[in-house]
Amino acid sequence: MCGIVGYTGERGTVDVLLEGLSRLEYRGYDSAGVSVIDGEHIALRKKGGKLAVLRASLEDAPLPASATGIGHTRWATHGGPTDENAHPHIGDDGRLSLIHNGIIENFAELRAELEAAGEAFASETDTEAAAKLLGRAYRETGDLTAAMRQVVKRLHGQFTLLAMHAEQPGVVVGASHNSPLLVGYGEGEHFLGSDVSAFVKFTPSAAALDNDQIVTITRDSASVTDFDGNAVEPKRFEVSWDASAAEKGGWNSFMAKEISEGPEAVENTMRGRLADSRVELDLGALDDEVLRSIDRIVIVACGTANYSGLVGKYAIETWARVPVEVDLAHEFRYRDPVLDERTLVISISQSGETMDTKMAVQHAKAQGARTLSICNTQGATIPRESEAVLYTHAGPEVAVASTKAFLAQVIGQLLFGLHLARVRGTMADEAIAEVIAEMRELPAELRQVLAEQEAVHELAHWMADSRSVLFLGRHVGYPVALEGALKLKEISYIHAEGFAGGELKHGPIALIEPGQVVFVVVPSPRNEPLLHSKIVSNIQEIRARGARVIVVAEAGDAAVLPYADVVLRVPLTLPMLEPVLQVVPLHIFALELATAKGLDVDQPRNLAKSVTVE
Ligand code: F6R
């Protein structure tokens, strides 16, 4: 995890670094640090705790002005979140500083070797070994880029490194091995960052390094080579995000703001892709012939993205008649899944950097499977490693808890499902047109859901002291239940579980005791009378045992009223589209409850937004 930023240019370097770190804090926030070149030495400040602690320290005692600096926000892996373990780390007797994202697996051996050679270590991190090693390589080569080239060959694991040396002011060198690094191109200045949000406020012009590359930035240049020193030309792109989209803009939290942006996330993901009776997708290498040849789809993803995949499974199987499995990316990677060139592996990831998902894609490719990425972040690693990408356009998601990205991921899969159905001839044009017409209504319906959540606010307040909340759903309501439970546990630290309604009597019903609150996601009785009657039976079973039942139900569903303590209403839509609307009250509930408990909803404990280590 961890966020890294580097800068060389004439703006206030520390300010640029802090701005970048504030955008990257979602990647980890248990300690932070910055360093700048100050004459013959490195000036350094690093602090355990959130970025605010570092900021306060820099306000009390500023670092000197400098044209070169690097900054880091950490999610601890090796060594606790202390001042000493915070990055940057120092090498070459205080003349070099280095920051790192990832894990250096052979750090213990390296450390023993370096200690035997007389190096003294000040932290418990794996990173410090790289700093010391780089310092020694610099003394041999007299050039930071050449030294970096030596060092990367000695490191095992996965890493992005940024470093600078006081003897080479105006130079920052970065290296990337299975971990992201992007370059930002400015006029008389250059930037490096873990993702584009680190510098998008200053420049929209960016390029992503490929695996095993080294970049050297100065004020006027950014040169990239492979690990052997051969020059490469990275592919530049313009970031389409508006920098202000990653700001709170008057909201109390990013999570609140991002929930409110659901309608635009859905609208923008559909924009330019819907015709009257077909979906227009440019899937590059995954052309119609390939899509007709596949006989199986495996969706790989983690957390919320995985739950969106469960919705995708139902839609794609129903519409395109291809068997679809949904796997947790880490489980997929470490068993021996049956894959061949007729299998399409779809990865879903907001960040495009989740290590487990990336490894799953690499494994799928190595087995000859075809790969499609559904991703929200331009230039991220997973789409670059996949044959084709369907970008969701939810805009930057900063809060650790994913909300609007879930909606956009579902939409991305619905679009793909309809596309596949047309290509494979499994759905008539009229049927596709009917779904498209309903999808066009979703943004307005979402706005209506957002405007009518007074009951959720009240609910969250009276439930602030709950110890456990259960969520129940069937069919596409099941992933909604899982998502409602995940969101609640991750930001409010309340025990929460999601269950499939049919599973209740196979065990979970034992948890029901008088007063237990259960949210039930109810399908529309008009569209799915059978499923509706099944879930109403489930409700009766739990009520008979004293549960308090809160239902998320379609606006016209009167049948559910006698059985519910509270009803949260959503507009009527087609069954496969229901999750897009039903999940919103659950997101708002988690937000409101965590807020009522006085918790930091954007940065919940122990978590980071982008899980870039296994
Ligand atoms: C939950 C949450 C996580 C992510 C998961 C995958 O609110 O945010 O469960 O969904 O870590 O992240 P991405 O989508 O970036 O691969």
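Where is the place of Gln168? The views below, taken from a predicted model, start there.

**View 1. Gln168 in its loop.** Gln168 sits in the loop between strand S7 (157-165) and strand S8 (172-177). Its relative accessible area is 18%, so Gln168 counts as buried, the cut-off being under 20%. Neighbours within four places in sequence are set aside here. Beyond them, Gln168 is in contact with Ile37, Tyr138, Gly142, Asp143 and Leu144.

**View 2. The buried side of helix H7.** Helix H7 spans residues 262-270. Its buried residues are Gly262, Pro263, Ala265, Val266, Thr269 and Met270. They cover an arc of only 165 degrees around the axis, and therefore lie on the same side of H7. Their cover includes helix H6 (254-260), helix H18 (578-596), H13 and H14. After H7 comes Gly272, with a positive phi near 75 degrees.

**View 3. Helices H13 and H14 packed together.** H13 covers residues 404-424, and H14 covers residues 429-451. Their axes lie 11 Å apart, at an angle of about 170 degrees. That angle makes H13 roughly antiparallel to H14, because the cut-off is over 145 degrees. The crossing of H13 past H14 is left-handed.

**View 4. Side by side: the residues between H13 and H14.** From H13 come Leu407, Ile411, Leu414, Leu415, Leu418 and Arg422. In H14 they meet Ile432, Val435, Ile436, Met439, Leu442 and Leu446. By class, this contact has 11 nonpolar residues, one charged residue and no polar ones.

Methods:
Residues numbered from 1 in each chain as written. Predicted model: local features only at pLDDT ≥ 70, side-chain atom pairs only at ≥ 80, totals over all residues. Heavy atoms only, no water. Axes fitted to C-alpha atoms, helices over the stretch in contact; angles between N-to-C directions. Helix = DSSP H or I, 4+ residues; strand = E, 2+ residues; numbered from the N terminus. Parallel < 35°, antiparallel > 145°, perpendicular 65-115°, else oblique. Left-handed = near helix turned anticlockwise from the far one by under 90°. Contact = heavy atoms within 4.5 Å. Nonpolar A, V, L, I, M, F, W, Y, C, P; charged D, E, K, R; others polar. Buried < 20%, exposed > 50% of the residue type's maximum accessible area, 1.4 Å probe, protein only. Arc of directions from axis to C-beta.
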